[in-house]
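Student: I'm new to this one. Could you walk me through how to read it, feature by feature?

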Amino acid sequence: MNAAAAAVVFTDRKDYGGERWFPDDRWMPPSGVQVGSVYTGAGDPTTPGWPSTEGCERVSEEEVEVPLIPSLPVSWADGDAIMRSIGGPVADEDWQGGKDAGVYRLGPGPGVLNLNYQGEQVITKIENVIGIIHGAEEPDRYVILGNHRDAWTFGAADPNSGTACMLEVARRMWKLQKKGWKPRRTILFCNWDAEEYGLIGSVEWVEENRQMLESRAVAYLNVDVAVAGAGFETSATPQLDELLVQSAKQVMDPDNSSQTIYDSWTSSTGGGAKVGRRGGAGSDYSAFVQHIGVSAADIAIGGDYPVYHSMYGDFVWMSKFGDPMFRRHAAVASIWGLVVLRLADDVILPFNYFSYAHELQIAEELKGQVLHKGLTVVPMIKSIDEFKKAAIQINDEIKALEGSWTSMWKDGQKVREVKERLMMAERAFTDREGLKGRSWYKHLIYAPAKHNDYGSTSFPGIYDEIEKAKSANSTESWRAVQHEIWRVARVCGCIVPLR
Ligand SMILES: *[C@@H]1O[C@H](CO)[C@@H](O)[C@H](O)[C@H]1NC(C)=O
């Protein structure tokens, strides 16, 4: 049997390098190395599913699920030299490098690589820092901001731009407090540790506080890389779409003072505010959405950037290329703060589940993939219809309540009940057993794509089984797809909280 002795990873210059590079330009030098984690689990691998605390149970070294193939990131310059020593068939076009690269071939050999790897296995202490502003009227409802603090090398963008924004939001809220403001609900500022090692700080905290969060968390608002260039980007669970749009209309575009962020956002996407979805495991919202079903959003200005996870992502890079005037940082702090203020202070939570219903319509796309196998998506379509009706119904109830504020106060119980339904509806998408083969992921609508941790899938359980069925192509494998369709139908139909 052939076995991989090691994996050598490089970031191709085709993707990350321009003609000029840091410190003359924003691009990665050919000698630059992008580092990262190849561990794809969630949280501390010695405590799968439970919190990692001092003296707690840990699985043995043999049972720990971590990659066993040593891997090493190298620069494009080194990677290209290695590639030039490899013969064999020429790799597909989409695997080839840029114009300066040699021809990439598949090997094996004749080049031989001598890789020395010295691992260090230690259990060490990490520290999350949590700040609290207690809510005046609903202290047991939590609006949670989160950002991580640990960085690969300097981390000016990832995560320090986000940490700077969180400190700015905290500073502005402190100013409001000095003027007498008290939030209606409790606001938590969470500064996570060890995100780069596998979301460890946030995952362990969520596991430790699971019951409390399931019953009290309103929403989780994440900022990781706050700024890495121009252009607003956000992703969220769909009931937050409308709030994000409203907040983006209230903040001026840091790159054009004659329009709002909303204006530049919609013109860059060519019409419509495009909100991504929260399926990837690329940052600390993962445990909140995918493990316990808390609605969440992530915001940033500037997406992918060439010096990501390298030693060139320092303050000089940020102040020359990422955000020369630091106005983009201020804009992220403004949107983040506005979103949190609405969630913390609006009497009725600013959630609109109608966009969720709309999002679920992608179920229609499934039809084409499974109909010819004699499968049916009708149960799913039916329960999504039910979901849509419930979303419309609760929106109507909210309108009626807002039209009669005085009687609303008389009917405080009704208001409480509507708020409760809005908060809890997201939990209904989680399933106790979780996804097949990766049971930590409880959310049946959003999860990381199985083979791309940064990528996101909707209906991951169904698509995992479709992939398997396509290669197995047996009756049982297609029945497994049908089972997953039923499971999604059941969670979408489980709209009791929303109704
Ligand atoms: C700035 O915004 C205004 C108003 O939307 C627009 O007309 C103008 O083209 C923008 N300028 C740039 C440089 O994008």
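Tutor: Gladly. Let's begin with the naming: helices and strands are DSSP runs, numbered from the N terminus. Keep in mind that this is a predicted model.

Student: Then where does Gln 239 lie?

Tutor: Gln 239 is in the loop between strand 7 (232-236) and helix 6 (241-248).

Student: Is Gln 239 buried or exposed?

Tutor: The idea is to look at relative accessible area, where under 20% means buried. Gln 239 has 0% relative accessibility, so it counts as buried. Its side chain makes a polar contact of 2.8 Å with the side chain of Thr 237. Setting aside neighbours within four places in sequence, Gln 239 is also in contact with Ser 295, Pro 350, Phe 351, Asn 352, Tyr 353, Tyr 356 and Glu 426.

Student: How should I read aromatic pairs, and how many are there?

Tutor: You look at two things, the distance between ring centres and the angle between ring planes; under 30 degrees counts as stacked, over 60 as edge-to-face and the rest as tilted. A search of the whole structure turns up 22 aromatic pairs. Take Trp 192 and Phe 288: their ring centres are 6.1 Å apart and their planes are at 45°, so this pair is tilted.

Student: Which parts of the chain does that pair tie together?

Tutor: Trp 192 belongs to strand 5 (residues 185-192) and Phe 288 to helix 8 (residues 285-291), so the pair ties together parts 96 residues apart in sequence. Trp 192 counts as buried because its relative accessibility is 0%. Phe 288 is buried too, with a relative accessible area of 0%.

Student: What about Tyr 356 and Phe 387?

Tutor: Tyr 356 and Phe 387 form an edge-to-face pair, 6.0 Å centre to centre with 65° between the planes. This pair also links distant parts of the chain: Tyr 356 is in helix 11 (residues 354-360) and Phe 387 is in helix 13 (residues 378-402), 31 residues apart. Both Tyr 356 and Phe 387 are buried.

Student: Which residues form an aromatic cluster?

Tutor: Look for Phe 22, Tyr 305, Tyr 308, Tyr 312, Trp 317 and Phe 321, which form one aromatic cluster.

Student: Which rings have a charge over them?

Tutor: Here you check where the charged end of a side chain lies relative to the ring. Arg 13 lies over the face of Trp 76, 5.5 Å from the ring centre. The charged end of Arg 438 sits over the ring of Tyr 441, 5.8 Å from its centre.

Student: How do I make sense of a nonpolar core?

Tutor: In soluble globular proteins, nonpolar side chains tend to be buried together. In this model, the largest nonpolar core has 118 residues, and Trp 336, Leu 343 and Met 380 touch the most other members. Helix 10 (residues 327-345) gives the largest share of this core, 9 residues. The core also draws at least three residues from each of domain 1 (129-345) and domain 2 (353-493).

Student: What does Trp 336 touch?

Tutor: Leaving out residues up to four places away in sequence, its contacts include Leu 145, Asn 147, Cys 165, Met 166, Leu 221 and Ile 299.

Student: How do the two domains sit relative to each other?

Tutor: You can compare their centres and count contacts. The C-alpha centres of domain 1 and domain 2 lie 25 Å apart. Across the boundary, 33 residues of domain 1 are in contact with 22 residues of domain 2.

Key
Residues are numbered from 1 along each chain as its sequence is written. This is a predicted model: local features need pLDDT of at least 70, side-chain atom pairs count only at pLDDT 80 or more; totals for chains, interfaces and linings use all residues. Side-chain values use heavy atoms; hydrogens and water are left out. Rings of Phe, Tyr and Trp (its six-membered ring) pair if their centres lie within 6.5 Å; planes under 30 degrees apart count as stacked, over 60 as edge-to-face and the rest as tilted. Helices (H or I, at least four residues) and strands (E, at least two) are DSSP runs, numbered from the N terminus. Buried means under 20% relative accessible area, exposed over 50%, partly exposed in between (1.4 Å probe, protein chains only). A charge sits over a ring if NZ of Lys or CZ of Arg is within 6 Å of the ring centre and within 35 degrees of the ring normal. A nonpolar core is a set of buried Ala, Val, Leu, Ile, Met, Phe, Trp, Tyr and Cys residues joined through side-chain atoms within 4.5 Å. Domain bounds come from an automatic or database domain assignment. Contact means heavy atoms within 4.5 Å. A polar contact is a pair of N or O atoms within 3.5 Å; within protein, one must be able to donate a hydrogen and the other to accept it, and residues adjacent in sequence count only if both atoms are side-chain atoms.
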